[in-house]
Amino acid sequence: MKALLVALLVATGAVAQSGGSPVVRIHDLAGLGPIGCEEPRLSLPFRVAGHEWEAAPDERPGLDERSLSDLVDWASRGLEIPVPPMEVLGTHLILQAPAVVHGRLERCLAALRRVATERFDIAVHVVPARALGATTRSVFDAEGVARVVAAHPPVRTLRTSATPGRIARLAALRRRSFVATWDVEVSGVAFPPHPWVQHISTGHEAWVAVHVAADGRLLLDVVARHARLPARPRDVDGGIQSGRVQYPATRSAAARGSAFIADGGGVLLGADRPDSAWLVTVRRRSRSSSILASGSDSELLPAGDVLRGMRWGFPDPWPPLPSGFARGLGLHSLGEGDDDPRRRRVDVAEMLRRAAGGNPGLDHLLFFGDHVLVHGPRGARVAAREVLWAMARATSRSVSLDVRHGVVEGSFARDPLMLAKRLPHVARSIAREGDELGVMVGGELAYQKDIDVEIDMAALYADPIDERLFTGFCLRGRPRVHRSGRVLLDGRVFWQELKALRTRTIEDSPLGPVELPDAIHVAHDDAWTLLPGRWTTLLSAPLPSTSDGTRRTFVCVVRARVR
Amino acid sequence: MHPTPTLLALLVLLLPLASLASAQTPEPVVEIYDPGGLSWFRQRTHRVFMTMPLAASSVGPAGETSGREAWGEDVDRVVLGDGQFERMVCDLVGPDAVRDARIEVLGEHFWVSAPPDLQPRIGVALESLLAALSASVLLELHTLPPAALRAAPAKVLSGAQVDALLEQHSPLATVRAPARLGRGARLISARRRSLVTEFDVEVAQEMFSGDPLVKQLLLGLEVGVRVHAASAGRLLMIVGGRHMELLGEVRELSTGSARVLPGVKDPYTIKTGTLQLPRSRSTVTRGSAVVTDGGGLLVGHDGSSGGLWLVRATRRRPQMTWKVGGSDLLALAELLTPPVVGGWPTVGPPNPSGFGSGVGGFDDDDTEKPEAFIDVNRIEGWLMRDADTEPDRPPFIHALGDYVLSGGPEAVRKRIRESTLAWSRRFARTVELDVRIGAVPPGTPTSPADAARLASVLPLAAGTAGREGDDAAVIGGEEEAILKDHDIEIAQGATGPDPVVDSVFTGFHVGGRLDVAPGGDVVMRGRVFWQERVHPTRQYALESGGFGDLDQVDLAHVQMRDLWTLKPGQWTLLAFAPVEGTGHAMACVVRARVR
């Protein structure tokens, strides 16, 4: 009897160690693949279609065959069984394993599915310009958003729903074609030009990404821009035998920012011109738990802020350049966008493993979108969570920048606070530490910069050269918070004004007219140190006096706040 | 099976040779079988063009003028001659056939050498296979009045529902044709009109000439339908097609005018000719569903009179009886047919000179081709695991067109039957998509909570359906040919303007790939696009260039592209945005249902 009991116990133990007989089950992987998205790179609002957008492909990790194999290994832990055979067919995993393995795996997949299908309602409100001046805040909770919307009803709203980690693009644009220039071909005795038709895009466009941060807040990235064409393009004679050229002039604005917000909250950024201030709000439809199941040894930790990396890239206007040089108004962004997310994941994995090291450490970790799935004993998971929090804390602050700028005439006080009250224009943005913020507002003007002449044996022909000129204000920079609490802003201020655009006819030749801009600009690239809560003068530059001798000065003051 | 006389004679000659075979085995005899069309059992892949691919960049790989002829490429579903089909027949007949029979494919016939007692069984096996593979359905394609879309109880309809819908809404037009299961039929009821839509300019040293490019518009209906045999007597139906009608008279536009250059010894003229630029109303849709025999799929929109189609398939004969004992032939097309992705036209905002057309032909080069749910070679081990094999009935499994052929002990076959049917229920569901889209006046409440109310006021309705993993979409609107730009060709003493023609689209596109998550939510990886004219296309005179006019467009578009999660049965707001320059906004809401 005793021998029989021992034999039964041994047999029971063997079954327990193997987790029971293997059974075949199919696990549905729909929606768990890589989360593809495109990283926005902002170009100037005045743009032609085709050039208007350059997107850098980006991809957040999802489940692939290798990570599934790792998951199955983890789910088989503690069982004395051979490696369970598996096949991935399309969006399904066929697995032959004991029931306990299926159960563990399905709990993981269900948790991943919850975060992959989580929904956020996104609204991009275009608010009246006065909304910027009515508040000093950039970030609002749900009640604050309601107050802003009630006090300043949006003139336009774009809505969509989005999934975390993806970059949603909202576009409401209008395209108009125009003859931008003439391209001249030459041959022996004939020099015909042909028109070069381009499209101008006006309207609103925004890219919004929502990331779930390690502490449960939402990290919101916003890039928005607007352009409008107040009047029909000017018709200008392109030169001898060339046709007329259409030169448009737009009013434009663009802004970039990022911030941590609460559910239902939003970010206000932009400038005090019509259609140039945006309130972007995010509302979460549901919240998923980080613990997979009661008593589970797995946790799905949000880490969108840690895994996302830094983001930058903003247009960079310049003064006009003479013939033979590139444009003073580039079509493309200066920055290159994100830092390498793959490298970042490797670093995070190494940090987590080190932190949760010791005995026992983490059994397994998996990156999925903006989340890290960690498996292991409670102590190791707590250590992993604390590491993520520590890494998140290093970049958990947002720096908002209140901007006043404009031209003051006559004498004025040097006190930045007094200047802030006197300066006519308001702009605002906000960025997480290390990200780039930017505001740009003004106009863009196309003009006939020069006329080249193509010649050959028996004829000559005019080849008009078109150019674009930015007038207005642009501030961009990447803020960091020093240990002392001061804000370091590495950036650039640019302002330009068009005094006149004179048309000059080339009298002694049959060429058409050229347009000669007379523009004033100030620019300053630097790394400034800002005391939070206090106004600081970034730039004060004298401008040529007016015809009646009045002195003029361009001034830009900013006030940083750290959240 | 009828041997041809020539081959019979050959057979008679060979029979004495066969008698020289070993005395221990029955003497093999040779029979020749006609495979009855198996050699052309091919499936056509669907590709859909926009209806007016005027610009060269929008036509696709088949050429400038006849791109629309390239409906798709043929893919072999049954391959003869590589040994696979031959092994399948031997497995089906039994171990003795595997051991003693030799099947070769000579030309388009099977040459079967086997002992006499095996030949009848081989004949029955081949006949049964051929009967299964040559089954056909009667296809009906009804163009329904727009009102039928909102009145229909669903997008995937039973036979009775199809009858009721047809009774309430008499079709505007009907196309009927028989179609072989698994192959792919192309139903066309169209008119072709030739137009001089462009000039290709040739130049020589002292002269040039405009070379007219005559293209054709396909006015009417062109729909590709593939019907496959699915489990439980049902049918997997895959539909993709387009409809086009001309709007008004074709516009004529002169591309050049005579002109003299000063300073040139021999004056030259710029003169090409007159272009014909049409404007059309177009519909392009794609959908798929598992339907019952006699049932149908309703796809399209209610924005035009030719844009709503009801496609119905009815078996011409009852499903055949499988005669080969000890084996099963399971119709499982819903699991064996790879997801239908790509091959879909793109519509976008217009592009300027030097860039591709905003109205593209299909583009499936970059589309990752997903595999079918069942790949018999990869799951054989799973289905055969732990099989108690019987020496005289070894288990086997093969894929054959829309079918899985299995044999062996009843326990193994039962497992295969039950497993595949369970997979079909779980992984080959159909998602119906109801769409409402259109312009809304300022002030219309458009928060996500207002989706259901928006659905009741939005002017346009569209609908389609997709098997899990398939793309489903509807495009509806207008296409307008425009003279987008003038290039110029030059030679030493001559020049010629070279008109650049493009087409622009105004209307909507809603669609994407549909999946069902285990919780029941529908995951849609898709796109919403809306475009309309702010002002009519205007002619801009290039007076001093000597070219004549060119067209300048003024269009506003709204676009959202994302991965959306839809709660079945509920309306969800996919997009809301102001339409620049118009004073109004557009909204799009969808409702998914899982069947």
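Helices (H or I, at least four residues) and strands (E, at least two) are DSSP runs, numbered from the N terminus. This is a predicted model, in which local features need pLDDT of at least 70 and side-chain atom pairs count only at pLDDT 80 or more, while totals for chains, interfaces and linings use all residues. Residues are numbered from 1 along each chain as its sequence is written, chains are lettered from A in the order in which they are written, and side-chain values use heavy atoms, with hydrogens and water left out.

Q: In which helix of chain A is Asp70(A) found?
A: Asp70(A) belongs to a helix of chain A that covers residues 65–75. That element is helix α2.

Q: Is Asp70(A) buried, partly exposed or exposed?
A: Buried means under 20% relative accessible area, exposed over 50%, and partly exposed in between (1.4 Å probe, protein chains only). Because the relative accessible area of Asp70(A) is 33%, this residue is partly exposed.

Q: Is Leu383(B) buried or exposed?
A: Leu383(B) sits in helix α8 (residues 376–384) of chain B. Since its relative accessibility is 3%, Leu383(B) counts as buried.

Q: Which residues does Leu383(B) touch, not counting residues up to four places away in sequence?
A: A contact means heavy atoms within 4.5 Å. One of the residues touched is Ser419(B), which lies 36 residues apart from Leu383(B) along the chain, with 8.3 Å between their C-alpha atoms.
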